[in-house]
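I opened the notebook to look up a few residues one by one.

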Amino acid sequence: MTVAAWADAMRDALDQARLALPAGDVPVGAVVLDTDGSQIGAGFNVRERDADPTGHAELVAIRAAARTRGAWRLSGCTLVVTLEPCTMCAGVAVLARLDRVVFGAYDAKAGAVGSLWDVVRDRRLNHRPEVVAGVLAEESSALLQGFFAAPPGRA
């Protein structure tokens, strides 16, 4: 599929990202699509809200998808996330057996799907999801830049 084919799912992920703002969390959102393209999981960053260092949007969405499916293996599924996953989230994408990871903005400081590291394509691992990068990257970047320009409590 082309980058443009993932735009609608990325818009859903961007909607999720905006839900992180009231709690002062970094606005990252994610959705998981089943083999037929239906959304089976969604999430946004909840680290601040839940005082949980693992409260990344990807993990929230993947956990929801696994509950929906009733299984931890998410073969055939796609993770769509507004920001390039970190090492933890990239590792979970591999462990969950996701078919692909689609992301918006690159993360030069912590990205683990091609920027700083490339966890999902490491040949030493038993599973390597396809990667589609840069989907609605400008919109994803703008949301993050706006947040960091005026973080909560500093405006």
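**Entry 1: Leu59.** I looked up Leu59 and found it in helix H3, which covers residues 57–69. The model is predicted, and I keep that in mind for every entry.

Is Leu59 buried or exposed? Its relative accessibility is 7%. Buried means under 20%, so Leu59 counts as buried.

Next I asked which residues Leu59 is in contact with, leaving aside neighbours within four places in sequence. I noted Thr54, Met88, Cys89 and Val92. I also checked Leu59 against Ala90, which is 31 residues away along the chain. Their C-alpha atoms are separated by 9.8 Å.

**Entry 2: Ala51.** I found Ala51 in the loop between helix H2 (47–50) and H3. I then read its backbone angle. Phi of Ala51 is near 50 degrees. That value is positive, and Ala51 is a residue other than glycine.

How exposed is Ala51? I read a relative accessible area of 69%. Exposed means over 50%, so Ala51 is exposed.

**Entry 3: Arg97.** I moved on to the loop between helix H4 (87–95) and strand S4 (100–105), where Arg97 lies. Phi of Arg97 is about 65 degrees. I marked this as a positive phi in a residue that is not a glycine.

What is the relative accessible area of Arg97? I wrote down 22%.

How values were computed:
Residues numbered from 1 in each chain as written. Predicted model: local features only at pLDDT ≥ 70, side-chain atom pairs only at ≥ 80, totals over all residues. Heavy atoms only, no water. Helix = DSSP H or I, 4+ residues; strand = E, 2+ residues; numbered from the N terminus. Buried < 20%, exposed > 50% of the residue type's maximum accessible area, 1.4 Å probe, protein only. Contact = heavy atoms within 4.5 Å.
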